[in-house]
Amino acid sequence: MCLGVPGRIVALTDGPALPMGTVDFDGVRRPVCLAYTPEAEVGDYVIVHVGFAISQVDAAEAARTLAVLRAIPDALAGELGPEFAS
(Lines give C-alpha, C1' and ligand atoms only; values in the text may rest on other atoms or scores of the structure.)
Protein backbone atom coordinates (compact mmCIF):
# COMPACT_ATOMS: atom_id res chain seq x y z
CA MET A 1 0.00 0.00 0.00
CA CYS A 2 1.31 3.47 -0.82
CA LEU A 3 0.00 6.33 1.25
CA GLY A 4 0.59 10.06 1.50
CA VAL A 5 1.84 10.64 5.04
CA PRO A 6 1.91 14.06 6.70
CA GLY A 7 5.08 15.31 8.31
CA ARG A 8 6.67 18.58 9.45
CA ILE A 9 9.63 20.08 7.63
CA VAL A 10 12.52 20.53 10.07
CA ALA A 11 15.31 21.51 7.66
CA LEU A 12 15.76 22.70 4.08
CA THR A 13 18.72 21.72 1.92
CA ASP A 14 19.71 22.13 -1.68
CA GLY A 15 20.01 18.78 -3.37
CA PRO A 16 22.26 18.30 -6.39
CA ALA A 17 19.36 18.99 -8.76
CA LEU A 18 16.20 19.44 -6.67
CA PRO A 19 15.22 21.21 -3.45
CA MET A 20 15.29 18.79 -0.54
CA GLY A 21 14.37 18.87 3.11
CA THR A 22 14.24 16.77 6.22
CA VAL A 23 10.71 15.89 7.31
CA ASP A 24 9.77 14.68 10.78
CA PHE A 25 7.10 12.00 10.99
CA ASP A 26 6.36 11.78 14.72
CA GLY A 27 10.04 11.48 15.65
CA VAL A 28 11.25 9.61 12.57
CA ARG A 29 13.07 11.87 10.13
CA ARG A 30 13.45 11.21 6.42
CA PRO A 31 14.92 13.16 3.48
CA VAL A 32 12.17 14.40 1.17
CA CYS A 33 12.17 16.07 -2.24
CA LEU A 34 10.36 19.42 -2.08
CA ALA A 35 10.25 20.17 -5.83
CA TYR A 36 6.44 19.95 -5.92
CA THR A 37 6.03 22.25 -2.90
CA PRO A 38 8.57 25.02 -3.57
CA GLU A 39 6.79 27.45 -1.22
CA ALA A 40 7.12 25.10 1.78
CA GLU A 41 9.31 26.30 4.64
CA VAL A 42 10.68 24.94 7.90
CA GLY A 43 7.74 24.31 10.25
CA ASP A 44 5.23 23.66 7.46
CA TYR A 45 3.41 20.35 7.17
CA VAL A 46 3.50 18.45 3.89
CA ILE A 47 1.97 15.25 2.58
CA VAL A 48 4.77 12.92 1.48
CA HIS A 49 4.33 10.12 -1.04
CA VAL A 50 7.30 7.90 -2.00
CA GLY A 51 9.81 10.51 -0.87
CA PHE A 52 8.18 13.53 -2.53
CA ALA A 53 6.20 16.25 -0.76
CA ILE A 54 3.10 16.49 -2.95
CA SER A 55 1.12 19.17 -1.08
CA GLN A 56 1.08 21.37 1.98
CA VAL A 57 -1.47 20.98 4.77
CA ASP A 58 -2.12 22.82 7.99
CA ALA A 59 -1.26 21.32 11.38
CA ALA A 60 -4.88 20.35 12.12
CA GLU A 61 -5.26 18.44 8.84
CA ALA A 62 -1.91 16.72 9.40
CA ALA A 63 -3.07 15.58 12.87
CA ARG A 64 -6.40 14.28 11.49
CA THR A 65 -4.67 12.38 8.71
CA LEU A 66 -2.14 10.83 11.10
CA ALA A 67 -4.98 9.72 13.37
CA VAL A 68 -6.66 7.93 10.46
CA LEU A 69 -3.38 6.29 9.40
CA ARG A 70 -2.70 5.13 12.96
CA ALA A 71 -6.09 3.38 12.93
CA ILE A 72 -4.99 1.24 9.96
CA PRO A 73 -2.91 -1.67 11.28
CA ASP A 74 0.77 -1.28 10.34
CA ALA A 75 0.06 1.49 7.80
CA LEU A 76 2.78 3.81 9.10
CA ALA A 77 5.26 0.96 9.58
CA GLY A 78 4.70 -0.07 5.98
CA GLU A 79 5.32 3.44 4.71
CA LEU A 80 8.00 4.74 7.09
CA GLY A 81 9.66 1.66 8.54
CA PRO A 82 9.64 -0.48 11.65
CA GLU A 83 9.99 2.57 13.95
CA PHE A 84 6.20 2.82 13.61
CA ALA A 85 5.38 -0.83 14.26
CA SER A 86 2.42 -1.23 16.61
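Me: How many salt bridges does the structure hold?
Reply: This is a predicted model, in which local features need pLDDT of at least 70, side-chain atom pairs count only at pLDDT 80 or more, and totals for chains, interfaces and linings use all residues. Residues are numbered from 1 along each chain as its sequence is written, and side-chain values use heavy atoms, with hydrogens and water left out. A salt bridge is a side-chain nitrogen of Lys or Arg within 4 Å of a carboxyl oxygen of Asp or Glu, and the number of these that the structure holds is two.

Me: Where in the chain is confidence highest?
Reply: Confidence is given as pLDDT, the predictor's own score for each residue from 0 to 100, and the chain averages 86, with 83% of the residues at 70 or above. Helices (H or I, at least four residues) and strands (E, at least two) are DSSP runs, numbered from the N terminus. Confidence is lowest in helix α2 (residues 75-80), at a mean of 62, whereas the highest value, 96, belongs to strand β5 (residues 52-57).

Me: Which residue forms a salt bridge with Asp-24?
Reply: Side chains of opposite charge can pair when their charged atoms come close. The closest N and O atoms in its salt bridge are 3.1 Å apart, and the partner is Arg-29.

Me: How far apart are the closest N and O atoms of Glu-61 and Arg-64?
Reply: Both Glu-61 and Arg-64 lie in helix α1 (residues 59-71), three residues apart, which is about one turn of the helix. Glu-61 is partly exposed at 30% relative accessible area, and Arg-64 is partly exposed as well, at 48%. They form a salt bridge, with their closest N and O atoms at 2.8 Å.

Me: Which residue in β4 is the bridge partner of Pro-6?
Reply: Two strands pair if DSSP finds at least two bridges between them. Strand β1 (residues 5-14) and strand β4 (residues 45-49) pair in the antiparallel sense over four bridges. In β4, the bridge partner of Pro-6 is Ile-47.

Me: Is Thr-65 buried or exposed?
Reply: Thr-65 has its place in helix α1, and, leaving aside neighbours within four places in sequence, Thr-65 is in contact (heavy atoms within 4.5 Å) with Gly-4 and Pro-6. With a relative accessible area of 18%, Thr-65 is buried.

Methods:
Buried means under 20% relative accessible area, exposed over 50%, partly exposed in between (1.4 Å probe, protein chains only).
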